[in-house]
Amino acid sequence: MSTLTPPRAAGRPVRNHRQLAQLSLLMLPAFLLVFWLTDVIGTFLMLPLLGLHEGDLPLMARDLAGWTVETLLFLVAVAVPALGLGLARAALRRGGRGGAWAALVLNAATALLMVYVFADAVRMTYFPQVTFPFGG
């Protein structure tokens, strides 16, 4: 077998660390698209269903439906950087260096940003007197 043809596992080529790092870095623009889609869906579909208006948070419904909508939108948005983290981790395990580390750091920062946004939504709804660092 030459070095140009990758080994096959279960009928599929095994990805090398460069391909995994590139896929992981592609999760960042994918995240922007998913974030925009969840924002549009939340604003124009979910908020009217909850009886809220543009600019409100789904948690402001203060019921199970509001928590469900907010949690589902959060989970959909954070799934993309989580996938990017998994790909970056696989790239690092297969010998990746700079690109894999960059993908790992950027996807981790994106996932942590989403956790902060979710926690800030809870804070703004239930504890408006408490301020987070960098909060409004």
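**The nonpolar core and the helices around it**

The largest nonpolar core has 19 residues, and Phe31, Phe74, Val78, Val80, Ala91 and Met114 touch the most other members. Helix 1, helix 2 (64-93) and helix 3 each supply at least two residues of this core. A nonpolar core here is a set of buried Ala, Val, Leu, Ile, Met, Phe, Trp, Tyr and Cys residues joined through side-chain atoms within 4.5 Å. Buried means under 20% relative accessible area, exposed over 50%, and partly exposed in between, with a 1.4 Å probe and protein chains only. Helices are DSSP runs of H or I with at least four residues, strands are runs of E with at least two, and both are numbered from the N terminus.

The model is predicted, so local features need pLDDT of at least 70 and side-chain atom pairs count only at pLDDT 80 or more, while totals for chains, interfaces and linings use all residues. Residues are numbered from 1 along each chain as its sequence is written, and side-chain values use heavy atoms, leaving out hydrogens and water.

Not counting residues up to four places away in sequence, Met114 touches Phe31, Phe35, Phe74, Ala77 and Val78, where contact means heavy atoms within 4.5 Å.

Next come the helix pairs. The axes of helix 1 (residues 17-49) and helix 3 (residues 98-126) come within 8 Å and cross at roughly 25°. Axes are lines fitted to C-alpha atoms, for helices over the stretch in contact, and angles run from 0 to 180 degrees between N-to-C directions. Helix 1 is therefore roughly parallel to helix 3; angles under 35 degrees count as roughly parallel, over 145 as roughly antiparallel, 65 to 115 as roughly perpendicular and the rest as oblique. Residues in this contact include Phe31 and Phe35 of helix 1, and Thr110 and Met114 of helix 3. By type, the contact residues are eleven nonpolar, four polar and no charged. Ala, Val, Leu, Ile, Met, Phe, Trp, Tyr, Cys and Pro count as nonpolar, Asp, Glu, Lys and Arg as charged, and the others, Gly among them, as polar.

Thr110, in helix 3, counts as buried because its relative accessibility is 12%. Leaving aside neighbours within four places in sequence, Thr110 is in contact with Leu28, Phe31 and Pro81.

The axes of helix 1 and helix 2 come within 7 Å and cross at roughly 175°, so these two helices are roughly antiparallel to each other. Their contact includes Phe31 of helix 1 and Val80 and Ala91 of helix 2.
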